[in-house]
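Please read the following briefing with the sequence and the model side by side. It is arranged by topic, so that each point can be checked on the structure.

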Amino acid sequence: MSERKSIQPYHHPAGGWGALKAVGAHLIEQGIPVKGAATLGCMNQPEGFDCPGCAWPDPKHTSSFEFCENGAKAVAWEATAKRCTPEFFADHTVTELSAWSDYDLEMVGRLTHPMAYDGAADRYLPVRWSKAFSIIARHLNALPDPNMAEFYTSGRTSNEAAFLYQLFVREYGTNNFPDCSNMCHEATSVGLPQSIGVGKGTVVLEDFDKTDCIFIFGQNPGTNSPRMMTDLRNASRRGASIISFNPFRERALERFQAPQSPIEMTTLSATQISSRLYQVRIGGDVAVIKGIMKILVEEDDAARAQGGQAVLDWTFIRDHTDGLDALVSDLKATQWPEIERCSGLGRADIEYAASVYKKAERAIIVYGMGITQHRRGAQAVQQLANLALLRGHIGREGAGICPVRGHSNVQGDRTVGITEVPSQDFLDRLELRFGFKPPRGHGHNVVTALEAMICGDVKVFVAMGGNFAAAIPDWQLTQAALRSLDLTVHISTKLNRSHLIHGRDALILPCLGRTEVDIQAAGPQSITVEDSMSMVHASAGRNQPASDHLLSEPAIVAGMARATLGGRSVVDWDGFVADYDRIRDAIEDVLPIFQDFNARIRVPGGFHLVPTARERVWATASGKANFLVFDGLGEDPNDDHPETLWLSTIRSHDQYNTTVYSLSDRYRGVYGQRDIVFLNQLEMDKREFKDGDRVDLVTASVDGIERRVRNFLVVGYSFPNGCCAAYYPETNPLVPLYAHDPLSFTPSSKGIPVRLERSSATVAGDLSAKE
């Protein structure tokens, strides 16, 4: 979707007519105005398919309009009439395609045939499926150690495909499962179990109808999970307080016009979402949380000393928690000047937020990657758990902790076994069910897999979906490592950057999309997904496949397994592919939480995998929920250099993860360009920059390696002092591989110390920032 480069401040609410216009434009651009509209009518419906975008849950009583703008873009992107055929690859070398933008690559259309890289021609050539599988088998079986292969998983992968994938890889002999969760919410998966015994949220969608207040940290729902806006709007309209903490004044956190509301659409009115929206410094969320908790603790002390009503929920604390004394000591030692300096907020702002939280009988704490993608992300998550535990807001109707996951089944993949650190109980059950001995040692996550590649200890990389080469940090090192591999394999629906950053041998294997009919020997098949709130439900596509040469993800996994393992496999791969009910039966055998799996997914809406913490059962070593201390207040806003800024990488509104739907970002007023750095006027003046200047962003690295992206346009924007923001994946080269959370290994993509330098080169055709 080509638009003229300009910066035009956006003054309208989120959603509304702008969203509907954008949906229509994307369906037309993909050549499916009629087919696309019909497809959208089947999305998030009990008998339809699950949105291939975000993981926000479906309401129990669906309407005929259960999709959002960005979900519609995801469907248009997948159901496009455009095709990426062998003829396209014959016309373009990989070297030529490498100069294309990510947007232009994915706009070519759906992949139609399996393709293999020919180094002599520098082109991808069509290959038979049987030959592709034999290439994979040859490389895998030639490795002296199975741990020299990495098996990546994207969150779009279904439960059935993910379970077969981990089964194949563990029978092959490794637990190397780097996955997309490692790059986003791994801090949740690692941090929350230590606090409450489970690495998932504790709320269901109906809790939003009953809560008194919602605190939102580091989450931009209008872009990242727009269907959440309906629940926030409804909560606001019935009087719930919504307090948001975000470096940007995101438009959807300010006001929202519901496309499903005839009154708001016809009167051009909107609903205020946030009661207060505080622009916290990048990395300053922990300072805010500790400030709120400090107020609660001190006010509780004062109230009890005077014989008044306690602020903390002491019955809950005594019966269900451990470790409060250490937390209280740390909070009392934390000083307000440091809280204000690190958070970027005044004490009065934090006191107001604490007063709202104190009054709420039922509170939900929502957070996104603005919390998790920091160098102490897992501990930051634990501070949110502390805040909930102080007032007993876990295991209470209308209350709880709500991590908002990204991709539609990233949580489900982890539930069915995609993890580099499997529990011994899971491995025992896998061995009992299938009769082979799975490997017991821990495998690689994304960071350790990349480190192994750089060291030359990995030779084969297989990716089930995603755009790994673009999503990873530190491109200078990591993309070079990918190019050094013997084989790279990508199971994909569209051409993307990762196909061009390949090993000596490379395969592109095209699979069915979420919107397409999956016919196997037993007839049409459904797959299942688990959303952010642990609801598991079926999904069945309605469209004809984009090509007769596509295979389903389970069929591709089975093909790799049969070719690689041959007669030594004890798994009935053909039987699993013929009927996905058999896969679900096997999942139930290994994971008892899926009891009556096949029966329960045939109930409209599916079923809930109830997190133990929701029932106030704490699966921790202490048998209780744990208050955990965060030493310090998060990222130091000054770092060690007066010119240092904290950079947060962000999505545009026309983007989902690394998939770019257009070069514009409507809600921030950016059109036709992505090489942007947002900076407030004070920071611009300090550096003698003005709107429209071009600058390089340089990481304040500590390893002597220069990390730089060039010629970014300076755009003045309301943003905290000491901070700046720019789009990813374009700024992923600035994220050092060493800059990650030591507990979860999540890269610190939302907190990168950088300096801005005036660009020495100019870009032809630059326009002023404001037109």
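Predicted model: local features only at pLDDT ≥ 70, side-chain atom pairs only at ≥ 80, totals over all residues.

The model has 48 salt bridges and zero disulfides.

**Salt bridges**

- Arg707 and Asp474 pair through their side chains in a salt bridge, with 2.8 Å from N to O, and both of these residues are buried.
- Because Arg707 lies in the loop between β30 (694–699) and β31 (708–716), while Asp474 lies in the loop between α24 (468–471) and α25 (475–483), this pair ties together parts that are 233 residues apart in sequence.
- A salt bridge also joins the side chains of Asp696 and Arg710, at 3.5 Å from N to O; since Asp696 belongs to strand β30 and Arg710 to strand β31, the parts tied together here are 14 residues apart in sequence.

- Cys455 is exposed, its relative accessible area being 59%.
- Cys511 takes part in no disulfide, because the nearest cysteine sulfur, that of Cys84, is 14 Å away, whereas a disulfide needs the two sulfur atoms within 2.5 Å.
- Cys511 counts as buried, with 1% relative accessibility.

**Helix α17**

- Trp336, Ile339, Cys342 and Ser343 are buried residues of helix α17 (residues 336–343), and because they cover an arc of only 135 degrees around the axis, they lie on the same side of α17.
- The cover over the buried residues of α17 includes α14 (285–305) and α18 (347–359).
- Gly344 follows α17 and has a positive phi, near 80 degrees.

**Nonpolar surface patch**

- Trp17, Leu20 and Leu268 make up a nonpolar patch on the surface, and together they have about 330 Å² of accessible area.
- Leu268 is placed in the loop between α13 (262–267) and β11 (271–272), where this residue is exposed, with a relative accessible area of 61%.

Conventions
Residues numbered from 1 in each chain as written. Heavy atoms only, no water. Buried < 20%, exposed > 50% of the residue type's maximum accessible area, 1.4 Å probe, protein only. Helix = DSSP H or I, 4+ residues; strand = E, 2+ residues; numbered from the N terminus. Arc of directions from axis to C-beta. Contact = heavy atoms within 4.5 Å. Patch = residues over 30% accessible without salt bridge, like charges linked within 9 Å, V, L, I, M, F, W, Y side chains within 5 Å. Areas by Shrake-Rupley, 256 points an atom, 1.4 Å probe, with all protein chains shown as cover. Salt bridge = Lys/Arg side-chain N within 4 Å of Asp/Glu carboxyl O.
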